[in-house]
Amino acid sequence: TLPTRSFDAYRYLLAAKNAYYFQDYAQTWHLTRLAIGLDDEFIDAHYYFSYVNVVLTAVPLEGMTAEDHLRLALASAERIIELAPHDSRGYSLRGAALATRGDWEGVTREGKRLEAMGVPLADMKFYAPVLMSLGNFGGAIEILEANCD
């Protein structure tokens with residue numbers, strides 16, 4: 001079964017994943033936005049949209065600011081949490097987005113939430129750069145090593 005009620009949304013997400021692989025973040029952004037437009041409950045599309053917006057806070061798309069991308073990243077992370085509160089990806093992405101603006105209290109809160117949820121290290125790959133920002137290199141290395149298996 002598809003993770004969405006829209007086959008076109010699913011196709012857009014597959015194309016977005018391919019664009020992301022080739023580091024075409026503008027295309028990834030555009031395609032995931034289209035997928036969400038077809039199915040606002042498509043968690044995987046929100047996941048990629050949130051993540052690509054976190055990346056784009058460093059190099060915003062033309063006509064956008066880092067703050068625009070941060071708002072979009074947080075909105076999609078919040079939507080994941082709303083749709084699937086037990087899915088760690090929303091919290092992990094929210095922590096990564098908060099790190100882009102230096103909200104270390106928020107980042108720490110999300111890290112504690114992930115820890116309390118018992119999230120396996122292999123499911124926290126987007127949290128590793130956040131830990132590095134906090135100076136927790138050992139924790140970041142553990143996560144990255146768990147993702148190498």
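Leu114, in this predicted model, is in contact with Ser88, Tyr91, Ser92, Val119, Met124 and Tyr127, once its neighbours within four places in sequence are set aside. Leu114 also belongs to the largest nonpolar core, which has 20 residues. Leu114 is among the members that touch the most others, together with Ala97, Val107, Met124, Tyr127, Val130 and Ile143. Five helices each supply at least two residues of this core: α4 (66-83), α5 (88-100), α6 (104-116), α7 (128-133) and α8 (137-146). Of these, α5 gives the most, with five residues. There is a second, separate core of eleven residues, and it includes Ala9, Trp29, Phe42 and Ala45.

Is Ser76 buried or exposed? Its relative accessibility is 4%, so Ser76 counts as buried. Leaving out residues up to four places away in sequence, Ser76 touches Ile36, His46, Phe49 and Ser50.

Last, a helix pair. The axes of α1 (residues 7-21) and α2 (residues 25-38) come within 8 Å and cross at roughly 165 degrees. The cut-off here is 145 degrees, so α1 is roughly antiparallel to α2. The crossing of α1 past α2 is left-handed. Which residues make the contact? From α1 they are Asp8, Ala9, Tyr12, Leu13, Ala15, Ala16, Ala19 and Tyr20. From α2 they are Tyr25, Gln27, Thr28, Leu31, Thr32, Leu34, Ala35 and Leu38. By type, the residues of this contact are twelve nonpolar, three polar and one charged. Ala9, on the α1 side of the contact, is also one of the residues of the second core.

Technical notes:
Residues numbered from 1 in each chain as written. Predicted model: local features only at pLDDT ≥ 70, side-chain atom pairs only at ≥ 80, totals over all residues. Heavy atoms only, no water. Core = buried A, V, L, I, M, F, W, Y, C linked by side-chain atoms within 4.5 Å. Buried < 20%, exposed > 50% of the residue type's maximum accessible area, 1.4 Å probe, protein only. Helix = DSSP H or I, 4+ residues; strand = E, 2+ residues; numbered from the N terminus. Contact = heavy atoms within 4.5 Å. Axes fitted to C-alpha atoms, helices over the stretch in contact; angles between N-to-C directions. Parallel < 35°, antiparallel > 145°, perpendicular 65-115°, else oblique. Left-handed = near helix turned anticlockwise from the far one by under 90°. Nonpolar A, V, L, I, M, F, W, Y, C, P; charged D, E, K, R; others polar.
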